[in-house]
Amino acid sequence: AFFKDRVTAVIGGGDTAIEEALFLTTFAKKVYLIHRRESLRGSRVLIDRMLACGKVELIYNSVVESLEGGDALEKIIIKDLKSGRSSPLAVDGFFIFVGSEPNTSFVRPELLEHGMVSIDSSMKTSVAGLFAAGDCRSGSKRQIVLAAADGALAAMSAYEYISGGTA
């Protein structure tokens, strides 16, 4: 609601970026979706829904070089990767949604559930003394405040474990 009748930009090209752009259209006057490639990587149904709303303008083959403004954001400078030219884009809000899949490739497969670390309510895995917290854990809502709470709970559980408690 901070961006009611304002112009925003979303960076990314996957489902998360498209979903955020769609969500912002409920408030914002206009949403730019900026992607570094020639086509979006999100699912077709989300792309079609986003395009049908009429409030999203796609900017392909571009990256953000800088954010500019005084006390508040006034514009972003975007660089067209094909031409090499940079240009300003007036926006009131800026959101980054790239690389939202946590890297769990180093975790043994038996500890994973759909690519996420399987834990219990104390953030314990099935390996004694191994805890997981934040976006890499199963059931994560991928919100920073929840990841911080997970970290605190995992730290308390780990402390209990090394202190000889029950965790």
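I began with T125: a polar atom of its side chain lies 3.2 Å from the backbone nitrogen of V127. I note here that the model is predicted. The T125 side chain also reaches the backbone oxygen of L130, at 2.9 Å.

Where does T125 lie? I found T125 in the loop between strand 9 (116-117) and helix 3. Is T125 buried or exposed? I read a relative accessible area of 11% for T125. Buried means under 20%, so T125 counts as buried. Next I listed what T125 touches, leaving out residues up to four places away in sequence. The list is L111, V117, S118, I119, L130, F131 and A132.

Then I turned to the largest nonpolar core, which has 15 residues. Which of them touch the most other members? They are V10, I18, V31, L33 and M50. Helix 1 (15-24), strand 2 (30-34) and helix 2 (44-53) each supply at least two residues of this core. Helix 1 gives the largest share, five residues.

I looked up V31 by itself. Setting aside neighbours within four places in sequence, V31 contacts T8, V10, A21, L24, T25, K55, V56 and E57. I also found a second, separate core of ten residues. Among them are I11, I34, I76 and L89. In soluble globular proteins, nonpolar side chains tend to be buried together.

Last, I checked the surface. I144, V145 and L146 form a nonpolar patch there, with about 330 Å² of accessible area together. L146 lies in helix 3 (residues 144-162). Its relative accessible area is 38%, so I noted L146 as partly exposed.

Definitions and conventions
Residues are numbered from 1 along each chain as its sequence is written. This is a predicted model: local features need pLDDT of at least 70, side-chain atom pairs count only at pLDDT 80 or more; totals for chains, interfaces and linings use all residues. Side-chain values use heavy atoms; hydrogens and water are left out. Patches are made of residues with over 30% relative accessible area and no salt bridge: like charges are joined within 9 Å, nonpolar side chains (Val, Leu, Ile, Met, Phe, Trp, Tyr) within 5 Å. Accessible areas come from the Shrake-Rupley method with a 1.4 Å probe; for residues, only the protein chains shown count as cover. A salt bridge is a side-chain nitrogen of Lys or Arg within 4 Å of a carboxyl oxygen of Asp or Glu. Helices (H or I, at least four residues) and strands (E, at least two) are DSSP runs, numbered from the N terminus. Buried means under 20% relative accessible area, exposed over 50%, partly exposed in between (1.4 Å probe, protein chains only). A nonpolar core is a set of buried Ala, Val, Leu, Ile, Met, Phe, Trp, Tyr and Cys residues joined through side-chain atoms within 4.5 Å. Contact means heavy atoms within 4.5 Å. A polar contact is a pair of N or O atoms within 3.5 Å; within protein, one must be able to donate a hydrogen and the other to accept it, and residues adjacent in sequence count only if both atoms are side-chain atoms.
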